[in-house]
Amino acid sequence: MLKNKCDLIFCETTELEELLVKCKGVDAIFWSTWAAHNKLTAEVLDAVGPQLKSISTFSAGFEYIDVGELKRRKIPLGCTPGVLNDSVADIAIGLAIAASRRFQESRQKIENAKWEKRPMWLLGQEIRDSIVGIVGFGGVGKTIAERLTGFKVSKILYTGNKRKPEAEKINANFVTFS
């Protein structure tokens, strides 16, 4: 859709030097997760030039963007917090169930005709009554924790920079790594 309204330059690289060359002189940047392992810093903004009017990303977080520098230059930043919370939480819960119930290992045994006919074979363990740890309690971590309450886990632990009041509502307990 944007191609009908403006000229687009696609950077299908993660090499910062190439990104800096291609971004020079543009009015707006869409700093995707493809490029996100490169920090969007004053160096990048200097390379782009003073005509830059806005920056957007489709990531929930933007810790890789020097927000202070954007504020100083009065460049607005668009992001998409919350958009992927449900999808990522669903996948995380699905993977947790698959791992605890040994789905992959079982599937491989069945496909290779190594099925064993005995009770409890590769049954794995339930998530119910387990202790689950979550690193970070931002949008995704909170959504995972909310989903876990339906599985009747015995305890939800989370860590991060600080305690989150919303965690108390679902009895998630803050712990530190130290």
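A residue is called buried when its relative accessible area is under 20%, exposed when that area is over 50%, and partly exposed in between, with a 1.4 Å probe and protein chains only. The exercises below concern a predicted model, in which local features need pLDDT of at least 70, side-chain atom pairs count only at pLDDT 80 or more, and totals for chains, interfaces and linings use all residues. Residues are numbered from 1 along each chain as its sequence is written, and side-chain values use heavy atoms, with hydrogens and water left out.

**Exercise 1. Aromatic rings**

Find how many aromatic pairs the structure holds, and work out which class the pair of Trp115 and Trp121 belongs to.

Step 1. The rule is that rings of Phe, Tyr and Trp (its six-membered ring) pair if their centres lie within 6.5 Å, and that planes under 30 degrees apart count as stacked, over 60 as edge-to-face and the rest as tilted. By this rule the structure holds three aromatic pairs.

Step 2. The ring centres of Trp115 and Trp121 are 5.3 Å apart and the planes stand at 50 degrees, so this pair is tilted. Trp115 is partly exposed, at 48% relative accessibility, whereas Trp121 is buried at 12%.

Step 3. For Tyr158 and Phe174 the centres are 5.4 Å apart and the planes are at 65 degrees, so the pair is edge-to-face. Tyr158 belongs to strand β5 (residues 155-159) and Phe174 to strand β6 (residues 172-174), so the pair ties together parts that are 16 residues apart in sequence; here strands are DSSP runs (E, at least two residues) and helices are DSSP runs too (H or I, at least four), numbered from the N terminus.

Step 4. Tyr158 is buried, with a relative accessible area of 3%, and Phe174 is buried as well, with 18%. Ring pairs also bring in Phe137, which forms a cluster with Tyr158 and Phe174.

**Exercise 2. Strands and their partners**

Determine the order of the strands in the open sheet of three strands, and explain why one side of β1 and of β3 is left without a neighbour.

Step 1. Two strands pair if DSSP finds at least two bridges between them. The open sheet has the order β1-β2-β3, and its pairing is parallel.

Step 2. Because β1 (28-30) and β3 (77-78) stand at the edges with a single partner strand each, one side of each has no neighbour in the sheet.

Step 3. Between β1 and strand β2 (residues 54-56), which run parallel, there are three bridges, and Ile29 stands opposite Ile55 in β2.

Step 4. A further parallel pairing joins β4 to β5 through five bridges, with Gly133 opposite Leu157 in β5. In β4, the covered face holds Val132 and Ile134, while the uncovered face holds Ile131, Gly133 and Val135.

**Exercise 3. The second largest pocket**

State which helix gives the largest share of the lining of the second largest pocket, and sort the lining by class.

Step 1. Rolling a probe the size of a water molecule over the atoms shows where empty space is left. On a 1 Å grid over the protein atoms alone, a pocket is an open set of points where a 1.4 Å probe fits, with protein on both sides within 12 Å along at least five of seven lines, and lining residues have an atom within 4 Å of a point.

Step 2. About 150 Å³ of space lies in this pocket, and its lining includes Ala60, Glu63, Ile134 and Val140.

Step 3. Both β4 (131-135) and α6 (139-149) supply at least two lining residues, and the largest share, three residues, comes from α6.

Step 4. Sorted by class, the lining has four nonpolar, five polar and one charged residues.

**Exercise 4. Cysteines and loops**

Count the disulfides, and decide whether Lys74 is buried or exposed.

Step 1. A disulfide is a pair of cysteine sulfur atoms within 2.5 Å, and by this rule the count is zero. Cys79 is in no disulfide, since the nearest cysteine sulfur, that of Cys23, is 19 Å away.

Step 2. Cys23 is buried at 8%, while Cys79 is partly exposed at 27%.

Step 3. Lys74 lies in the loop between α3 (67-73) and β3, and at 75% relative accessibility Lys74 is exposed. Phi of Lys74 is near 60 degrees, a positive value in a residue other than glycine.

Definitions and conventions:
Grid points are joined across faces, edges and corners, and a volume is the space filled by probe spheres set on the points. Ala, Val, Leu, Ile, Met, Phe, Trp, Tyr, Cys and Pro count as nonpolar, Asp, Glu, Lys and Arg as charged, and the others, Gly among them, as polar.
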